[in-house]
Amino acid sequence: MATEAKRPKVDDDDGSELHPLQNFLQWCGTVGLVLSSKVFVSKEGTVAEYGMLAKDDIEEGEVLFTIPRSALLHQGTTKVASLLTREKASLESSSGWVPLLLALLYEYTSLKSNWKPYLSLWTDFQTLDHPMFWSKEVRKGMLRGTGIPEAVDTDLANIQREYTDVVLPFITRHTDLWNPGTHTLELYTQLVAFVMAYSFQEPQEEADEEDEEEEKVANPPMMVPMADMLNHVSTHNANLEFTLDSLKMVCVRPIPKGQEVFNTYGQLANWQLLHMYGFTEPYPSNINDTADIPISNLYKVSMQGIQSDLDQQLMEEKWEMLRSMMEERAAFVFGRQGCLTDTELNTVLKVLGMSGEEFSEFKDNEGWEEDEDEDDTRITQAFSNEGLPGLKSGWKFLIHEAARLTVTSYGDGQEGQTEDQDQALMEDEAAVVGLSRRQQNALQVRYGQKSILYKVMELTKT
């Protein structure tokens, strides 16, 4: 089934779509961006809006384009860089994006910006279709159970707090460069989505053995012209490499003439792609798709059938300890080949099945005790698709019932069934074509997650 594989960039209903693109390509030449003669940017023959295509056969290792670091847009290259550096302390926030976003607020609205031809590709941000721009009712209706509505609610609250507490006071102090009437919360939110969808982060250098224990702060995001023209698939054929003087897009597998050049944004499930980038990969092409089973569902299943007050008290004590041990891991993640958080799931299942005496000993060892009989490789195998049917029957029951509860959170799953409304819809190509882009993307997320959960249920039948 054909669907968009990347968010659109320009809304060109007036037929003048080549004008901003040609301006951008001319600008690339003036800033020293070198584009290989073997590739070209086009809207024809790409999976979604602009993309890059091969003019000739391209071999592995060939450089597709080179971007000098001076052409990158970030807080160190913007015209207001010195001010942002001087007031760095007042711009700290949980996201770490404020300096870049202030640079974008300035450059996007400046008629004399050095990046105007690049930023003019986005005459407005109405084409960004992240779920944060959907109404709350639409998000809840289309994406119930996927985890996206909750993530978006958190994002929007953080954005508003960051703008109110950090950005607005700063721009109010510098009205010669920013204007609160122009640089509004609405524009700031759009630019956050722009950074989410189009920015790149330079990987950290490998740490020396002495520094391995120190947690390094991630490099801030930056805008990389031309690199963000490439669409994404999980089975990509190009990769962005960082050097001291430039960034290079390098072919990582042969690309035949006429085929599209694809970058990758990382090993991301469809819910992450839709949340952060506003698009999905069509089922079943996303090999990195995942589904979460909340730990709370395991607890609910474990509480079923408990009759004595002592047993209930013991289970509640286990639950409280597990919640403190899990910290931010509120769910177990399953991928297409099995559980990706197998060590945590293994420990939780062990704890839930412990007798009172065993649990007391476990607490004395402060939880995640070292067990000489436990082997990471064995655990990974046990919770893979191949290993799940061989688990203890009690463990399979807990996993199966927790997966069933998770399926019902989408609103149309029923106990024991292996297909639902989304599956029926996916099998009706004509019906899918008639869906809006939002409906198609939401369908891809829901169906991808539920297909994983149904597989888990099938493998853990008792």
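The structure holds one cavity of 30 Å³ or more (a set of points on a 1 Å grid over the protein atoms alone, where a 1.4 Å probe fits but cannot get out). The model is predicted: local features need pLDDT of at least 70, side-chain atom pairs count only at pLDDT 80 or more, and totals for chains, interfaces and linings use all residues. Residues are numbered from 1 along each chain as its sequence is written, and side-chain values use heavy atoms, without hydrogens and water.

About 30 Å³ of space lies in the largest cavity; the volume is the space filled by probe spheres set on the points. Its lining (residues with an atom within 4 Å of a point) consists of Ile293, Leu298, Phe332, Phe334, Leu345, Ile399 and Ala402. Strand E12 and helix H14 (393-408) each supply at least two of the lining residues. Helices (H or I, at least four residues) and strands (E, at least two) are DSSP runs, numbered from the N terminus.

E12 belongs to an open three-stranded sheet, ordered E11-E12-E13 with antiparallel pairing (pairing requires at least two DSSP bridges between two strands). Strands E11 (290-294) and E13 (338-339) stand at the edges with a single partner strand each, so one side of each lacks a neighbour in the sheet. Helix H11 (residues 342-352) packs on the sheet and touches E12 and E13 (contact: heavy atoms within 4.5 Å). Five bridges join E11 to E12 (residues 331-335). Pro294 stands opposite Ala331 in E12.

The protein chain has 17 helices and 13 strands. Of its 462 residues, 49% count as buried (under 20% relative accessible area, 1.4 Å probe, protein chains only).

Technical notes
Axes are lines fitted to C-alpha atoms, for helices over the stretch in contact, and angles run from 0 to 180 degrees between N-to-C directions. Buried means under 20% relative accessible area, exposed over 50%, partly exposed in between (1.4 Å probe, protein chains only). On a 1 Å grid over the protein atoms alone, a cavity is a set of points where a 1.4 Å probe fits but cannot get out, and a pocket is an open set with protein on both sides within 12 Å along at least five of seven lines; lining residues have an atom within 4 Å of a point.
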